[in-house]
Amino acid sequence: MSSQVGASEVADELGRRIAAGRYQPGALMPSVRKLAEEFEISKATAQVALSRLEAARFVVAERARGFVVQDVHSHGGFDVYGILFRLSMSDPEQAVATFTDIVDMERSVLFDVIGAYAQLPERVSTDRLTPVVNAMEELAQRDDVDLAEFLAREFDLLRRMALAAGQSAVLALLNSLAELIGGVPEAVDAYFVADPSGHVLFWRAIVNALSRPDLPHEAEYALVGDLLALYHQRVVTRFGTLVAPTHPRVAPAESA
């Protein structure tokens with residue numbers, strides 16, 4: 001193995017093995033010496049790699065035993081889930097499955113936030129929403145649209161709705177989703193299977209509907225739900241095409 005391989009690459013490979021079940025929960029990780037031999041790195045680098053896994057809560061250090069594998073799938077929080085998503089990018093099938101879960105969750109939260117905002121006892125002015133949509137439109141008109149910035153604006157719009165509706169827990173969930181999706185370039189690109197200007201039209205229609213004195217009709221809710229479901233199916237399909245060329249993994253040293 002190349003001497004340029006560092007602790008982060010080794011930690012990622014070990015993390016992938018844990019996520020794939022090669023190292024089972026409760027099992028001991030290979031020793032520092034064995035990892036140093038396998039990846040042709042120094043013992044110090046191997047120790048740093050294991051420490052990074054511990055910081056990510058993939059393993060826990062136990063005195064006189066070593067590093068013990070944790071059940072990241074059952075007990076990991078959003079931070080761990082984000083790492084699992086990033087690591088899954090070398091396995092297109094797993095990456096698409098994870099991304100599908102994220103998209104389904106995002107759609108559910110989006111629909112819930114819009115519904116909660118629309119059902120407020122007193123109609124709230126949309127003055128704090130319109131400037132965000134205007135900013136999206138300005139971004140969409142640029143020759144080279146920064147998709148990550150545009151997506152951040154969309155999440156900002158949802159945050160403002162959730163804040164007005166008093167959904168503090170949903171705000172935390174939105175922040176986690178924004179970090180999950182925004183941290184993977186392929187995920188960001190996939191959300192724009194349609195041109196950003198199409199996103200502007202969608203949000204402009206939503207804000208206009210929320211500014212009416214009467215509540216949106218059930219048929220309107222159903223239509224929005226159907227449109228989002230169809231669009232998100234295209235998003236997942238697009239993501240699958242983007243992750244098809246897998247990223248290279250760190251391979252262990254070959255035997256002489």
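Does Tyr221 count as buried or exposed, and at what relative accessibility? In this predicted model, Tyr221 counts as buried because its relative accessibility is 18%, under the 20% limit for that class. The residue belongs to helix H12, which covers residues 218-242. Beyond its sequence neighbours up to four places away, Tyr221 touches Phe111, Gly115, Ala118, Gln119 and Pro216.

Read from the N terminus, the order of elements is α-α-α-β-β-α-α-α-α-α-α-α-α-α. The C-alpha atoms fill a box of roughly 75 × 40 × 25 Å along the principal axes. Of the 256 residues in the chain, 39% are buried. Among contacts with a separation of 6 or more, 71% join residues 24 or more positions apart. The accessible surface of the chain is about 13500 Å². Carbon and sulfur atoms account for 53% of that surface. The chain carries 23 positive and 35 negative charges.

The domain assignment divides the chain into domain 1 (7-69) and domain 2 (78-243). Their C-alpha centres lie 36 Å apart. Each side brings residues to the contact: 7 residues come from domain 1 and 7 residues from domain 2. About 620 Å² is buried between domain 1 and domain 2. Carbon and sulfur atoms give 64% of this area. On the domain 1 side, Arg16, Arg57 and Phe58 supply 61% of the area buried against domain 2. No other three residues of domain 1 supply more.

Arg57 is found in the loop between H3 and strand E1 (59-62). With a relative accessible area of 48%, Arg57 is partly exposed. The value falls below the cut-off for exposed, which is over 50%. Glu40 likewise is not a glycine and has a positive phi, of about 55°. Glu40 sits in the loop between helix H2 (32-39) and helix H3 (43-55). Glu40 is partly exposed because its relative accessible area is 41%, which lies between the limits for buried and exposed.

Two glutamines were then examined. Gln167 is placed in the loop between helix H8 (147-164) and helix H9 (168-182). Its relative accessible area is 13%, so Gln167 is buried. Leaving aside neighbours within four places in sequence, Gln167 is in contact with Asp112, Val113, Ala116 and Ala162. Gln94 lies in helix H6, residues 92-118. At 40% relative accessibility, Gln94 counts as partly exposed. Gln94 and Leu171 are 77 residues apart along the chain. A distance of 28 Å separates their C-alpha atoms.

Key. Residues numbered from 1 in each chain as written. Predicted model: local features only at pLDDT ≥ 70, side-chain atom pairs only at ≥ 80, totals over all residues. Heavy atoms only, no water. Helix = DSSP H or I, 4+ residues; strand = E, 2+ residues; numbered from the N terminus. Buried < 20%, exposed > 50% of the residue type's maximum accessible area, 1.4 Å probe, protein only. Contact = heavy atoms within 4.5 Å. Areas by Shrake-Rupley, 256 points an atom, 1.4 Å probe, with all protein chains shown as cover. Lys, Arg positive; Asp, Glu negative; His and termini not counted. Charge placed at Lys NZ, Arg CZ, Asp CG, Glu CD. Domains from an automatic or database assignment. Buried area = accessible area lost by both parts, 1.4 Å probe.
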